[in-house]
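Here is a short report on one protein fold. Look at the sequence and the 3D view before reading on.

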Amino acid sequence: MLISSMLRVGRGVTALIGGGGKTTLLYALAEELRKTGTVVLCASTHILVPAQYPLCTGGMDELAAALAAHGAVCAGTPAEDGKLTAPAAGFEQLAQLADYVLVEADGSRGLPLKAHAPHEPVIPANAQRVVLVVGADGFGRRISDVCHRPGLYAERAGVSPDDTVTPELAARVIRAEGFGDRVLVNKVESAGDYAAAEELSKRLSCPVTAGSLHKGVYVCLR
């Protein structure tokens, strides 16, 4: 089954938060969804400019023309370090123009897990789906080594930054923060990873999908 179907990504705005493969998920969803409609990829914070999609930094007319020509377009405002920040058009406008608007709404500095500061994540008000991505490669490792904002992560888990991340601790943080109506456990590459993802899912009330974006293999755990 397609990952977009498993995560119930519908038309409108979808926000991606957390760590462990948000950008990879962004591209995987774009490739699936462009077969059934137009797609805008963007960020509410910052995003690297993707080489595989046309870049639109102008207004709505320019974006409409780019979508008509290419089907999937990255939109944003140039920022420092060659990155993009939020597009000039609001997310409501983007949702009226494109069938699907995929928003990377978080940053994790490439780490599998993260805790959110008070100003994070930046979820558009009209998001119809918020997917929290968790990297299975963070399980069994020290919080200080695999978590963005490790002090906050440890505080919300009720442990020390030197403690090891377990599915129970990860679930504790996810529940404490209350972000996301779907969880994707990515980088599930072994039986141990799958067991950890399953253990995490037992401690959450929202639907959980586990798998590998790299391999394109997924399973719904709840």
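The report covers the model, then the sheet, then a helix pair.

## The model

This is a predicted model: local features need pLDDT of at least 70, side-chain atom pairs count only at pLDDT 80 or more, and totals for chains, interfaces and linings use all residues. Residues are numbered from 1 along each chain as its sequence is written, and side-chain values use heavy atoms, with hydrogens and water left out.

Helices (H or I, at least four residues) and strands (E, at least two) are DSSP runs, numbered from the N terminus.

## The sheet

Nine strands make an open sheet with mixed pairing. Their order is E4-E5-E2-E8-E1-E10-E12-E13-E14. Two strands pair if DSSP finds at least two bridges between them. Strands E4 (55-56) and E14 (217-220) are at the edges; each has a single partner strand, so one side of each lacks a neighbour in the sheet.

Helix H3 (residues 60-70) packs on the sheet and touches E2, E4 and E5. Contact means heavy atoms within 4.5 Å. The direction of H3 makes about 150 degrees with that of E5. Angles run from 0 to 180 degrees between N-to-C directions, and axes are lines fitted to C-alpha atoms, for helices over the stretch in contact.

E2 (residues 39-43) and E5 (residues 72-75) pair in the parallel sense over three bridges. Leu-41 stands opposite Cys-74 in E5.

## A helix pair

Helix H7 (residues 167-177) packs against helix H8 (residues 191-202) at about 40 degrees, with the axes 8 Å apart. Pro-167, Ala-170, Ala-171 and Ile-174 in H7 meet Ala-196, Glu-199 and Leu-200 in H8.
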